[in-house]
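Student: I have a model open and would like to walk through it with you. Can we take it piece by piece?
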Amino acid sequence: MTLSVAIQMDHVNGVDIDADSTFALALEAQRRGHTLYHYLPSDLSFRDRRLTAHAQPLVVRREHGGHASLGAFETVDLARFDVVLMRQDPPFDLAYITATHLLEHIHPATLVVNDPVSVRNAPEKLFATHFPELMPPTLITNRADDIHAFRHEHRDIIVKPLHGNGGAGVFHLRPGDENLNALLEMCGQLWREPLMIQRYLPEVQEGDKRIILVDGEPAGAVARMPAAGEARANFHAGGTPRKSALTPRDREICEALGPVLRERGLVFVGIDVIGDWLTEINVTSPTGIQEIDRLDGIRIEAAVWDAIERRRAAGG
């Protein structure tokens, strides 16, 4: 099967070829003989019921300083592609949401991965709240009184923006920390959205596990280890990868999520697990493929393309 593939992403020239999951997916697609085009979310246009992109043919190679070659710009009709990969990084803001609405016009005749409706309806932290039995104690609110009451009950807490990413804006407040009120004032000036507050999980010092699920099935995992003095283990926040195996609890979590992810067309998903608890379900632009590949000697990008090709052959 040879497919025409358009990749909606941040500019390919800026990716880290040793870490970026989209780059790994592009390499695998090219290896299979698929034709690649590259465009930015800002390159989309919708007129007369046609969704077009100001796009460029793309060739990739694992070569530092020369990893991507881009052809001349073309105005392409995305409905004529077999697959669109929606892979731009968050923030999950109105621009991101608008892109899902636009891509909805071509899906599923053109297979959009992940399904844009499901991406829009499954923001990472909120989606996880539909599985409360898998999560640590969690509060979502803007009300300072409720936050103080939650802290009084659990004492050691994490405060984070509801639509943040990469560990940005995540604070660990230990018992006796006097900065909560000042933190809430600052957050109120930065964001209109509620905050997410969770009981601090000390198991994070043993790793914040990223598990990749492909069409609802676990494909691999990596433990993200926090830097010394850090409560955040995200790679963007200085976390380092460590080989990790799935525990029985991890598999229990995956079994609970898998059918829902498959039904919603969420083909490539990364979940975050600390200790025995699910903390996030990442559906927008999951990362972790290359770290897991190196540590476990596998190729998760191949499993992703196997799943995409199966869905494409079945008509989406």
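Student: Which residue stands opposite Ile197 in strand 12?
Tutor: In this predicted model, the residue standing opposite Ile197 of strand 12 is Leu139. Strand 9 and strand 12, the latter covering residues 195-199, pair in the antiparallel sense over four bridges.

Student: And in what order do the four strands of that open sheet come?
Tutor: The order is 9-12-10-11, with antiparallel pairing. Strand 9 (138-141) and strand 11 (171-173) each have a single partner strand and stand at the edges, so one side of each is left without a neighbour in the sheet. On average, and with direction ignored, neighbouring strands of this sheet are turned by 20 degrees against each other.

Student: Which helix lies across strand 10, strand 11 and strand 12?
Tutor: That is helix 6, residues 180-190, which runs at about 155 degrees to strand 11.

Student: How many aromatic pairs does a search of the whole structure find?
Tutor: It finds three, and one of them joins Tyr37 and Phe81 in an edge-to-face arrangement, at 5.5 Å centre to centre with 80 degrees between the planes.

Student: What does that pair tie together?
Tutor: Tyr37 lies in strand 2 (residues 35-39), while Phe81 lies in the loop between strand 6 (74-77) and strand 7 (83-86), so the pair ties together parts that are 44 residues apart in sequence.

How values were computed
Residues are numbered from 1 along each chain as its sequence is written. This is a predicted model: local features need pLDDT of at least 70, side-chain atom pairs count only at pLDDT 80 or more; totals for chains, interfaces and linings use all residues. Side-chain values use heavy atoms; hydrogens and water are left out. Two strands pair if DSSP finds at least two bridges between them. Helices (H or I, at least four residues) and strands (E, at least two) are DSSP runs, numbered from the N terminus. Axes are lines fitted to C-alpha atoms, for helices over the stretch in contact, and angles run from 0 to 180 degrees between N-to-C directions. Contact means heavy atoms within 4.5 Å. Rings of Phe, Tyr and Trp (its six-membered ring) pair if their centres lie within 6.5 Å; planes under 30 degrees apart count as stacked, over 60 as edge-to-face and the rest as tilted.
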